[in-house]
Structures are given as structure tokens and as C-alpha cells.
Amino acid sequence: NVVYAHYAWYIVVIATSLQLTTNFVSQAFAILLVVLQDSFGWSITAITLSYVFRSVIGALLAPVSGLLGDRYGAKKVMLVGTALFVVGMLLLATINQVWQLYLYYSLILGTAQALFQVNIPTTVAAWFKTKLGVAVGLQQAGGGMGASVLAPGLTILLSRTDWQTAFLIIGAGGGVVILG
């Protein structure tokens, strides 16, 4: 029973890391906005629409994500989410047209976000019979810290590399964290 309790808290740490990594893409959008506007001269409206589309896609796919998690298990669904996250981030490093932003950021990363948003908290909830509120609260709080922890890191990364290299590093590094 003690081993189970320690393993359950380990799940909270992993889930928090997952949410921190995957939430970063949406929470650091303001940095992405500036980088894309400076690099391509796209309007704020065109870039912001990618965020709107990503949010709508994530909301529409959240029930589907829950159904997939119930049917195939959260682990398998999150592995698909991981693949989409890595592919989306790597493709994001290659954009040069606004439609690519909509496809890679909105559709691919929005789908990945939906798969994680539903299945991370349900996985944590499945491991706790007592202190469930504390466990989910810690996991959600950690995930919510993505912008305050990783956005400054992205700013430092962007000051030392170009944005394409930064997104390649985030995609590869995020994929390692998520798979780990």
C-alpha cells in the first residue's frame, strides 16, 4: 500500500511535467506572436486566428479524446498526443506561409492538446482514492505554470538562436520529456 501511494505521487509528478510541457505552446503564444510578426510581417489578426482555431479544435476534440481514452486507455492516447506534439513543433519550425501556421499550430498541436488535456487529469484521478483533490490540484497548478516557467526559457533560447532552431529544440526536448 505504501508502494502504491509513492507510485501515485510519482504519477502526479509525471502528469505535471506532461502538462507543463504541452501547455507551454498555448501559454507562450504571445512570444510566438511577436516572432512570427517580426519574421513574416503577418497581421496580428492572422496570427491570433491560429490561436482561436487551436482553442476551438481543442474544445471540439476534448469529448473525442475522452472517448478514446476510455476505449484505448490514456497511455495509448497520450502516446498519439506525444507524436502529434513532436511533429507539430518540428513542422512549426518550417513555416513560411500563414496556412502552415493554421495547419501545424491550430490543427496538429490543437489535437495534441485535446488528447493531453483530458487524459492527464483522468490518469491522475484514477490513481488516487484519497487526497484526489490535492493530487489533481497539484497537477493542474504545475501545468498552469508553463508560461511562467518556460516562457522566459523560450525568450532566452530565442535570444541565442533563431526561431526555427528554438522550435526544433522545443519539439525534440519536449518529446523526450513527454516520452520519458
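What is the handedness of the crossing of α4 and α5? In this predicted model, the crossing is left-handed.

**View 1. Packing of helix α4 (residues 74-92) against α5.** The two helix axes come within 8 Å and cross at roughly 150°. Because angles over 145 degrees count as roughly antiparallel, α4 is roughly antiparallel to α5. Residues of α4 in the contact include Ala 74, Val 77, Met 78, Gly 81 and Phe 85, and those of α5 include Tyr 105, Ile 108, Leu 115, Asn 119 and Thr 123. By class, 18 residues of the contact of α4 with α5 are nonpolar, six are polar and none is charged.

View 2. With a relative accessibility of 2%, Asn 119 counts as buried. A polar atom of the Asn 119 side chain lies 2.9 Å from the backbone oxygen of Leu 115. Beyond its neighbours within four places in sequence, Asn 119 is in contact with Ser 65, Gly 69, Ala 74, Val 77 and Met 78.

**View 3. Packing of α4 against helix α8 (residues 163-179).** The axes are 7 Å apart, at an angle of about 170°, which makes α4 roughly antiparallel to α8. The crossing of α4 with α8 is left-handed. On the α4 side the contact is made by Leu 79, Thr 82, Phe 85, Val 86, Met 89, Leu 90 and Leu 92. Among the α8 residues in the contact are Trp 163, Phe 167, Gly 171, Gly 174, Gly 175 and Ile 178. The contact of α4 with α8 has 13 nonpolar and four polar residues, and no charged ones.

Terms used. Residues numbered from 1 in each chain as written. Predicted model: local features only at pLDDT ≥ 70, side-chain atom pairs only at ≥ 80, totals over all residues. Heavy atoms only, no water. Buried < 20%, exposed > 50% of the residue type's maximum accessible area, 1.4 Å probe, protein only. Polar contact = N/O pair within 3.5 Å; in protein donor to acceptor, adjacent residues only side chain to side chain. Contact = heavy atoms within 4.5 Å. Axes fitted to C-alpha atoms, helices over the stretch in contact; angles between N-to-C directions. Helix = DSSP H or I, 4+ residues; strand = E, 2+ residues; numbered from the N terminus. Parallel < 35°, antiparallel > 145°, perpendicular 65-115°, else oblique. Left-handed = near helix turned anticlockwise from the far one by under 90°. Nonpolar A, V, L, I, M, F, W, Y, C, P; charged D, E, K, R; others polar.
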